Amino acid sequence: MEFSEVLEKRYSCRAFSDKPIAREDLVSVMKAGTLAPSACNTQPWHFICVDDEEKIARIAKCTQKGGLGFINRFTPQAKAFIVIVKEKPSFSEKVAKVMSSRDYSPYDIGLAGANMVLKATDLGIGSCILGWYDEDKVKEELNIEKSKSVDLIIALGYPESLDAPTRKRKDFDTVHSFNSYGEK
Ligand SMILES: Cc1cc2nc3c(=O)[nH]c(=O)nc-3n(C[C@H](O)[C@H](O)[C@H](O)COP(=O)(O)O)c2cc1C
C-alpha cells in the first residue's frame with residue numbers, strides 16, 4: 001500500500017471479525033514499532049503481544065474498568081493485543097532526563113504505537129489504541145514488574161466491515177500556520 005493510502009485508511013477499528021492474525025504479521029507489527037524514533041535513541045519499550053484466547057479475554061476485561069469501561073466494550077473481539085511496557089531508564093538516560101528536565105518517553109511510546117497501527121493498516125489489520133485500562137491488573141495478568149508502567153495497549157483484529165468510518169478532524173485551517181502562530 002502507498003504510504004499516503006496507509007495514512008488515509010488507518011482508523012480506530014472497534015468491530016473485529018473472527019479471522020485470526022498470523023504470528024508473522026504480529027511480529028511485523030511489533031518490528032515496525034521498534035523502528036520508531038526515540039529521544040537519544042533510548043527505545044524505552046517492551047512489547048508484549050497477547051494472542052492466546054484466554055489471555056485476550058482477561059486483558060479485554062482489564063480495559064473495561066470503572067464507569068468509562070463501556071467505551072471499550074468491543075475489546076473482547078480483538079484477536080490480539082500489543083501491550084507497550086515502558087522500560088526503566090538506564091543511568092545515562094536518567095542523567096539526560098535531569099539535564100534536559102523533560103521526560104520524552106511518552107512521545108517515544110506514542111511514536112512506537114503510531115508505527116505499529118500504521119503497519120497493521122498496511123497489512124489489512126484493524127487497530128485501536130487503548131489508553132483506558134486497569135494498569136495494575138494488566139501488570140498482574142502479564143507478569144510485569146510493579147515498578148514498570150504499561151503506557152498503551154493496541155487492540156488488533158481484521159475489521160468486521162470494509163466500510164471505514166468518516167474520520168472526524170478539526171478544520172485544517174484552524175490547526176496550522178506558516179511562520180507565525182495564526183498566520184496563513
Ligand atoms: C493515547 C490514546 C488513547 C486512546 N484510548 C482509547 C480507548 O481507551 N478506547 C477507544 O475506543 N479508543 C481510544 N483511542 C482512540 C481515539 O478515540 C481515536 O484515535 C480518535 O477518536 C480519532 O479517531 P481515529 O483513530 O479513527 O482517527 C485512543 C487514542 C489514543 C491516541
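This briefing covers the pockets and nonpolar cores of the structure above. The model is predicted. Its largest pocket has a volume of about 310 Å³, and the second largest pocket holds about 260 Å³ of space. The largest nonpolar core has 23 residues, and another core, apart from it, has 20 residues.

**Largest pocket**
- Its lining is made up of 15 residues.
- Lying nearest the centre of this pocket are Lys-9, Tyr-11, Gly-124, Pro-159 and Leu-162.
- Sorted by class, the lining has eight nonpolar, five polar and two charged residues.

**Second largest pocket**
- This pocket is lined by 17 residues, and those nearest its centre are Thr-42, Glu-93, Lys-97, Asp-103 and Ser-105.
- Helix H4 (91-100) and helix H5 (105-122) each supply at least two of the lining residues.
- H4 has the largest share of the lining, with four residues.
- The lining has eight charged, six nonpolar and three polar residues.

**Nonpolar cores**
- In the largest nonpolar core, the residues with the most contacts inside it are Val-50, Phe-81, Val-83, Val-138, Leu-142 and Ile-153.
- Two or more residues of this core come from each of strand E1 (45-50), helix H3 (53-62), strand E2 (80-86), strand E3 (126-130), helix H6 (135-142) and strand E4 (149-157).
- H3 gives the most to this core, namely four residues.
- Leu-142, leaving aside its neighbours within four places in sequence, is in contact with Ile-48, Val-50, Lys-55, Ile-59 and Val-83.
- The other core, of 20 residues, includes Trp-45, Phe-47, Ala-80 and Ile-82.

Terms used: Residues are numbered from 1 along each chain as its sequence is written. This is a predicted model: local features need pLDDT of at least 70, side-chain atom pairs count only at pLDDT 80 or more; totals for chains, interfaces and linings use all residues. Side-chain values use heavy atoms; hydrogens and water are left out. On a 1 Å grid over the protein atoms alone, a cavity is a set of points where a 1.4 Å probe fits but cannot get out, and a pocket is an open set with protein on both sides within 12 Å along at least five of seven lines; lining residues have an atom within 4 Å of a point. Grid points are joined across faces, edges and corners, and a volume is the space filled by probe spheres set on the points. Ala, Val, Leu, Ile, Met, Phe, Trp, Tyr, Cys and Pro count as nonpolar, Asp, Glu, Lys and Arg as charged, and the others, Gly among them, as polar. A nonpolar core is a set of buried Ala, Val, Leu, Ile, Met, Phe, Trp, Tyr and Cys residues joined through side-chain atoms within 4.5 Å. Buried means under 20% relative accessible area, exposed over 50%, partly exposed in between (1.4 Å probe, protein chains only). Contact means heavy atoms within 4.5 Å.
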